[in-house]
Amino acid sequence: MNKDELDMVLAVVKSSLKPYLGKFSSNERLPEEGVPKKQILKEICEMREVERHTWQEGYVSGAVYHGDPEWMNFLNEVYALNAEINPLHADLWPRATRFEAEVVAMTADILGKNNSPTKNTDGGVVGFVTSGGTDSILHAVRCARDHAQKERGVTNPTIVMPTSAHAAFLKAAQYFCLEPIRVAVDDQGRAVPREMEAAIDERTAILVGSAPSFPWGVIDPIEELSELGHARGIWFHTDCCLGGFLLPFASQLGYDIPKFDFALKGVTSISCDTHKYGYATKGSSVLLFRNKDLRHYSYFKVTDWPGGLYNSPTMAGSRPGALLATAWAAMLAMGKNGYLEATEKIVATTKKLREGISEIKELRLLGNSVLVTAFTSDAFDIYALGDLMSEKGWNIGGLQLPPALHMGVTLRTAQPGVATKFLTDLADSVKKLNSEPGRQSVMAPIYGVGKHIDTEVSLDDILVGYLDVQYDTR
Ligand SMILES: Cc1ncc(COP(=O)(O)O)c(C=O)c1O
């Protein structure tokens, strides 16, 4: 790809990310007089209506995990009742700390707090709420880095992670100056303990496993991986951002879910997203630590600042208490039975999709998951299949290494008729591809499909351009 081709790709990106250009005014400076509130609300409603169909009808992978109008109205009401509250001012709004403490306690309860072999000696599992999965992971890695320095004198730390671990761990490594050591996974997409062990040395600050991983939705052998950490005094993090509110319930429903939580003595921290299968409003996740001493690695405090004594548990200062309230309200309103019911629907829908895909001979399922269907093709360019599905209104995730597609199943996907429609559209699209051998995807350059990339323009340029386009106002 050369620079002209890059501009063409970015023009396509722009047309998809900026559908409102020319339709509404572009606001690049404050209006002299305030715009009437009615007009502002009308504009928002118009955009919302344009965007609503794809996610609400269930045509998207992941993204919105509940989304029933009645549920959203409830959470919006909870948000509105708490819009001003901020746990930074705990004395002003003690209810914010009630929400956070109880969200953490309930999440810890789901994730093995009561089965923790150390609960009687270390005071048990604690945590805090962050703004999302990435935020929880950033905090876990930073704490592990500081723990390794304090406990083992590690000054040049590494993070040992399977290649399937979420990109947030690479972001954390970049932000907090750890060298990422990325270890290949097996043909089922799972971390290989033997290979992970070989990557450990005296510099290792943190080991990572996922339950489950984002790409193929598979669960790493957390028991063996966490033992590797425990035997060496190395922090082990289970990334349950995606599955934390689903796997425990799948297990209770009798599905075969390997151990991954604090019942394993080697698990030091767990990230678990309330804003995914917890069904809360976007913007919250829980980071749990095996005990209070470990949580203290995150605390910030300063005693000689002119602004007064200052302390804060997470990287943010002020935090949206309303999102703590929606997480709390979502968990109470779902209850254990609500989560069991939702999990049953999601696992059943995933099974239906997987069975349907396995009947299409040109497609090959990747890994085994209760909440994701990842698949590829040895017969054609899988991204071309993604393009055809997009034309039919689907917003499916594109994976790479190897090229594949994936559909994260949510309650939206579990609505009646959605899985059947997906499979029908998939079969139609495969038929079409069979009649057009050699068809290539317009998405190929984005995924770095070899022949489109040369030295003039790198994939980094595309990714940087993609983000820059988002900030364009015209
Ligand atoms: C396994 C896993 N970890 C971490 C994340 C990051 O979560 P967020 O997008 O909320 O930052 C995701 C997101 O899908 C995920 O699936």
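Which residues make a nonpolar surface patch of about 330 Å²? In this predicted model, the patch comes from Val35, Ile40, Leu41 and Ile44. Val35 sits in the loop that runs between helix H1 (3-17) and helix H2 (37-56). With a relative accessible area of 34%, Val35 counts as partly exposed, because that label covers anything between the 20% limit for buried and the 50% limit for exposed.

Turning to the interior, nonpolar side chains in soluble globular proteins tend to be buried together. Here the largest nonpolar core takes in 95 residues, and the members touching the most others are Tyr277, Tyr279, Leu363, Phe375, Leu385, Phe422 and Leu426. Helix H12 (residues 321-358) supplies the largest share of this core, with 15 residues. Apart from that core lies another one, made of 28 residues, including Cys143, Ala165, Ala173 and Ile206. As for Tyr277, once neighbours within four places in sequence are set aside, its contacts are Tyr65, Leu242, Phe245, Leu246, Tyr339, Ile346, Leu371, Val409 and Thr410.

Helix H7 (residues 167-176) is worth a look too. Its buried residues are Ala168, Phe169, Ala172, Ala173 and Phe176. These cover an arc of only 145° around the axis, so they end up on the same side of H7. Ala173 also turns up in the core of 28 residues. Just past the end of H7, Cys177 adopts a positive phi of about 60°.

How values were computed. Residues numbered from 1 in each chain as written. Predicted model: local features only at pLDDT ≥ 70, side-chain atom pairs only at ≥ 80, totals over all residues. Heavy atoms only, no water. Core = buried A, V, L, I, M, F, W, Y, C linked by side-chain atoms within 4.5 Å. Buried < 20%, exposed > 50% of the residue type's maximum accessible area, 1.4 Å probe, protein only. Helix = DSSP H or I, 4+ residues; strand = E, 2+ residues; numbered from the N terminus. Contact = heavy atoms within 4.5 Å. Patch = residues over 30% accessible without salt bridge, like charges linked within 9 Å, V, L, I, M, F, W, Y side chains within 5 Å. Areas by Shrake-Rupley, 256 points an atom, 1.4 Å probe, with all protein chains shown as cover. Salt bridge = Lys/Arg side-chain N within 4 Å of Asp/Glu carboxyl O. Arc of directions from axis to C-beta.
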